[in-house]
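Q: I am new to this structure and would like to learn how to read its features. Please take them one at a time.

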Amino acid sequence: QVQLVESGGGLVQPGGSLRLSCAASGSIKSINAMGWYRQAPGKQRELVANIIGGGFINYADSVKGRFAISRDNAKNTVYLQMNSLKPEDTAVYYCNVRGVTTIRTNYDSWGQGTQVTVSS
């Protein structure tokens with residue numbers, strides 16, 4: 001089993017910044033991808049950013065130039081630095097980690113979600 005613990009959400013004014021963290025723990029042999037998704041009320045969950053394999057990074061067009069994803073391999077932790085936040089960034093943000101366990105099964109784990117609200 002692989003568990004994820006997220007932190008860092010909250011309320012911020014437009015133009016402000018937040019940093020999300022997600023730490024993975026458990027029976028991890030390897031991590032193939034780490035990323036962040038978000039879901040706003042009445043909308044489908046969408047990819048915000050992810051890091052695949054050795055470091056290939058994807059961003060949603062709506063966050064390019066404002067958000068930055070990074071990872072600390074030693075800590076099995078992924079971060080999302082969010083700058084110049086807009087009201088439309090308001091959503092529940094979910095961490096996702098995929099890889100292989102120590103007993104060589106695949107895992108696809110999700111965090112519990114953290115609320116990000118951008119409002120004046």
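A: A disulfide is a pair of cysteine sulfur atoms within 2.5 Å. Before the case itself, note that this is a predicted model, in which local features need pLDDT of at least 70 and side-chain atom pairs pLDDT 80 or more, while totals for chains, interfaces and linings use all residues. Residues are numbered from 1 along each chain as its sequence is written, and side-chain values use heavy atoms, with hydrogens and water left out.

Q: How many disulfides does the structure hold, and which residues form a disulfide?

A: There is one disulfide. C22 and C95 form it, with their sulfur atoms 2.1 Å apart. The angle about the S-S bond is -80°, and the link of C22 and C95 is left-handed. Strands are DSSP runs of E with at least two residues, numbered from the N terminus.

Q: Are C22 and C95 buried or exposed?

A: Buried means under 20% relative accessible area, exposed over 50%, and partly exposed in between (1.4 Å probe, protein chains only). C22 and C95 are both buried.

Q: Which side chains make a polar contact with the side chain of R38?

A: A polar contact is a pair of N or O atoms within 3.5 Å; within protein, one must be able to donate a hydrogen and the other to accept it, and residues adjacent in sequence count only if both atoms are side-chain atoms. The side chain of R38 has such a contact with that of E46 at 2.7 Å, and another with that of Y93 at 2.9 Å. R38 lies in strand β4 (residues 28-39) and is buried, its relative accessible area being 6%.

Q: In what order do the four strands of the open sheet stand?

A: Two strands pair if DSSP finds at least two bridges between them. The order here is β1-β3-β8-β7, with antiparallel pairing. β1 (2-7) and β7 (67-72) are at the edges with a single partner strand each, so one side of each has no neighbour in the sheet. β7 is joined to β8 (residues 77-82) by six bridges, and S70 stands opposite Y79 in β8.

Q: How many residues lie between the strands in the hairpin of β5 and β6?

A: Three residues lie between them, and G53 in this hairpin takes a positive phi near 60°. Strands β5 (residues 46-52) and β6 (residues 56-59) run antiparallel, joined by four bridges. N50 stands opposite N58 in β6.
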